[in-house]
Amino acid sequence: MNLKFKLVNFALVVLFLAQLGESQNAIFDITKYGANSNGDISEAVLNAFKEACQSTSPSTIVIPKGTFQMNQVRLEGPCKAPLELQIQATLTAPSDPNQIKIGEWLTVNRLDQFTLSGGGILDGQGKAAWECKESKKCQKLPNNLSFNSLTNSIIKDITTLDSKSFHVNVNQCKNLTFLHFNVSAPDNSPNTDGIHVARSSAVNITDSNFATGDDCISIGDETEQLYITNVTCGPGHGISVGSLGGNADEKPVVGVFVKNCTFINTDNGVRIKTWPASHPGVVSDIHFEDIIVQNVSHPILIDQVYCPSGKCNKDLPSQVKINKVTIQNIKGTSRTQDAVTLLCSKGIPCEGVEVGDIDITYSGKEGPAKSSCENVKPSLKGKQNPEVCAAAAAAA
């Protein structure tokens with residue numbers, strides 16, 4: 001697996017250098033299309049994109065430094081050559097969620113060799129929307145960013161701030177990289193997942209920081225070969241595969257690699273979650289390695305009775321099959337006694353789970369850190385602190 005990571009990192013460097021090498025780009029500055037700091041720049045961005053998209057040579061759309069208001073924008077390909085959207089500015093969304101139609105704030109669709117860069121900030125102004133959601137006066141809230149059907153593309157040096165819902169939704173993408181990507185929202189912001197990935201392959205998230213009110217990174221069905229490296233998460237709900245099994249005909253999640261990541265003051269660290277009484281599904285070839293946890297409530301968690309609403313039928317088991325999971329070299333501190341929790345389905349027990357070199361401590365008055373296991377017989381190696389599945393083995 002180390003070789004896989006080396007190959008991915010090498011490919012990332014090649015893509016990054018290739019993007020830097022585009023020195024002959026035609027420049028489309030939105031201020032030449034009527035954009036100014038006194039009004040909505042949506043039309044200027046769309047007009048610059050339409051012209052840049054028709055260019056037969058690589059092009060760059062520039063949103064220069066400053067603060068601009070931007071309403072809903074949808075950039076639709078394909079285009080005739082590689083295209084870069086360089087956001088140097090702070091962009092602010094309408095604070096009233098009803099001013100944005102159902103969907104996303106900024107959507108980018110069907111582009112090959114697309115780059116989003118510039119060091120800018122996309123401020124979703126989510127506070128009013130979160131309050132609206134709590135009062136149940138809003139419909140579905142928009143995400144800050146949505147990437148659909150992108151190939152061979154890179155998102156780098158961008159911050160997404162206070163999204164009304166998910167910060168980023170990734171759907172049907174292939175060979176997409178997030179580099180030096182930052183997510184920021186308060187820990188009480190509802191449903192503000194950092195990046196949600198589904199129906200995509202060869203997605204790389206590296207050297208990035210996530211602070212939010214939900215999952216830092218959430219992983220939906222039909223995700224294949226997702227690499228998450230050198231990521232810091234906190235606050236938030238951790239990095240989660242799932243929840244899965246809630247819908248019929250979900251495609252397998254195969255090949256998720258989470259390595260060299262740090263979790264600080266999060267509700268969970270690394271997690272796989274599926275619904276009870278679920279539809280069939282598959283989660284396979286999942287690897288959590290070289291992880292540091294600091295004051296994390298549930299550092300290691302497989303939860304096949306995931307039911308946050310409390311309205312599920314837990315008497316019926318999950319039908320999602322979990323197999324080939326590696327949990328290796330996880331160290332740090334837990335905020336609760338529950339350092340390691342492996343609750344697998346009683347209908348389809350987990351198989352091929354390997355756990356090794358765990359050293360997680362808890363210093364609360366309840367006692368030392370502990371593990372709990374159901375419907376799983378992991379293979380163990382190296383240090384086990386706490387001793388993994390000891391109670392389950394003793395009961396058997």
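1. A pocket here is an open set of points on a 1 Å grid over the protein atoms alone, where a 1.4 Å probe fits and protein lies on both sides within 12 Å along at least five of seven lines; lining residues have an atom within 4 Å of a point. Points are joined across faces, edges and corners, and a volume is the space filled by probe spheres set on them. By these terms the largest pocket has a volume of about 400 Å³.

2. The model is predicted: local features need pLDDT of at least 70 and side-chain atom pairs count only at pLDDT 80 or more, while totals for chains, interfaces and linings use all residues. Residues are numbered from 1 along each chain as its sequence is written, and side-chain values use heavy atoms, with hydrogens and water left out.

3. The largest pocket has 23 lining residues, with F166, H196, G220, G242 and S243 nearest its centre. Strands (DSSP runs of E, at least two residues, numbered from the N terminus) contribute to this lining: β14 (195-198), β16 (217-219) and β18 (239-244) each supply at least two residues. The largest share, three residues, is from β18. The lining has seven nonpolar, eight polar and eight charged residues, where Ala, Val, Leu, Ile, Met, Phe, Trp, Tyr, Cys and Pro are nonpolar, Asp, Glu, Lys and Arg charged, and the others, Gly among them, polar.

4. The second largest pocket has a volume of about 180 Å³. Its lining comprises 13 residues, and K140, L141, N143, S165 and N191 lie nearest the centre. By class these 13 residues are four nonpolar, five polar and four charged.

5. The whole structure contains five disulfides, a disulfide being a pair of cysteine sulfur atoms within 2.5 Å. One of them joins C216 to C233, with the sulfur atoms 2.1 Å apart. Its S-S torsion is about 80°, so the link is right-handed. C216 is in the loop between β15 (201-211) and β16, and C233 in strand β17 (residues 224-233), so parts 17 residues apart in sequence are tied together.

6. Another disulfide joins C373 to C389, S to S 2.0 Å. This link is left-handed, with -85° about the S-S bond.

7. Which cysteine sulfur is closest to that of C261? The closest is in C233, at 8.8 Å, which is too far for a bond. C261 is buried, with a relative accessible area of 1%. For C173 the closest cysteine sulfur is in C79, 15 Å away and too far for a bond; C173 is buried at 3%.

Definitions and conventions. Helix = DSSP H or I, 4+ residues; strand = E, 2+ residues; numbered from the N terminus. Buried < 20%, exposed > 50% of the residue type's maximum accessible area, 1.4 Å probe, protein only.
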